[in-house]
Amino acid sequence: MKSANSSSKKNIPDWLLKAREKWAYNGSKRPPFAESPKKGQLSVWDFPRPPALDRIAQTLQVYHQGIPIATSKNGFAILETASPPTYYIPPQDVSHSALVAIANKRSLCEWKGQAQYWALIEDPLRPVAWSYAKPFEPYEDLKDYFAFYPQYLDCFVDGEKVIPQPGQFYAGWITKNLTGPFKGEPGTEHW
């Protein structure tokens, strides 16, 4: 597992490094409103910030209207305080013929860098995935991997259909082994 604390930050702008320091929760202590995990569950409030990059062997599957978009056992999970895992699938395990890059749509993640967005060919303006061409340290292993929005696609972890993270911005995959509350609802932006 990799964490942003474990590497240099030479390619990250100073203003972004300063913004990172303002987070109130970092996985070291659960806030009073956090749900207590039951046996076999994990609290997203125990995930670290900066986020951990974890290689996983679980089967990740993404479908659109029953058609496979991606299937992999070689993914990564980003584990970040207050959020369910965001899964990243290697480019060789993604059906590129189903996707198109959205021109001029970018965003900046304070941890991973500038994202490129992807849409389904039949709906070329609605983002359903994103990737990083030049991720910040220590997330370089995510280069060109795809993360998918479960709000718009059917996503599965080891055969379990995931529930989308609340809201439209984040794309964590909620499974029955997780407890929250989860970042994404209005009023949770500061989490």
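Guide: Strands are DSSP runs of E with at least two residues, helices are runs of H or I with at least four, and both are numbered from the N terminus. The model is predicted, so local features need pLDDT of at least 70 and side-chain atom pairs count only at pLDDT 80 or more, while totals for chains, interfaces and linings use all residues. Residues are numbered from 1 along each chain as its sequence is written, and side-chain values use heavy atoms, with hydrogens and water left out.

Strand 6 and strand 7 run antiparallel and are joined by 3 bridges; two strands are said to pair if DSSP finds at least two bridges between them. Within this pair, Phe76 has Tyr88 of strand 7 as its bridge partner. Strand 7 is also joined to strand 11 (residues 146-148) by 2 bridges, again in an antiparallel arrangement. Here Ile89 stands opposite Phe146. In general, strands of a sheet pair through backbone hydrogen bonds, either parallel or antiparallel.

Which way do the residues of strand 7 point? Thr86 and Tyr88 point one way, Tyr87 and Ile89 the other, and all are buried. Buried means under 20% relative accessible area, exposed over 50%, and partly exposed in between, with a 1.4 Å probe and protein chains only.

A pocket is found on a 1 Å grid over the protein atoms alone: it is an open set of points, where a 1.4 Å probe fits, with protein on both sides within 12 Å along at least five of seven lines, and its lining residues have an atom within 4 Å of a point. The largest pocket is lined by 26 residues, with Glu80, Cys109, Lys112, Phe169 and Tyr170 nearest its centre. Two or more lining residues come from each of strand 6 (76-79), strand 7 (86-89), strand 8 (99-109), strand 9 (113-120) and strand 10 (123-132). The volume of the largest pocket is about 490 Å³, a volume being the space filled by probe spheres set on grid points joined across faces, edges and corners. Its lining has 16 nonpolar, 5 polar and 5 charged residues. Ala, Val, Leu, Ile, Met, Phe, Trp, Tyr, Cys and Pro count as nonpolar, Asp, Glu, Lys and Arg as charged, and the others, Gly among them, as polar.

The second largest pocket has a volume of about 230 Å³. It is lined by 15 residues, and Gln58, Pro85, Tyr87, Thr175 and Asn177 are the closest to its centre. Its lining divides into 8 nonpolar, 3 polar and 4 charged residues.

Elsewhere, an open sheet of 4 strands has the order 5-4-12-13, with antiparallel pairing. Its edge strands, strand 5 (67-72) and strand 13 (160-161), each pair on one side only. Strand 4 (residues 60-64) is joined to strand 5 by 5 bridges, and Leu60 stands opposite Ser72.

Overall, the protein chain has 1 helix and 16 strands. Of its 191 residues, 49% count as buried. Its C-alpha atoms fill a box of roughly 45 × 40 × 30 Å along the principal axes.
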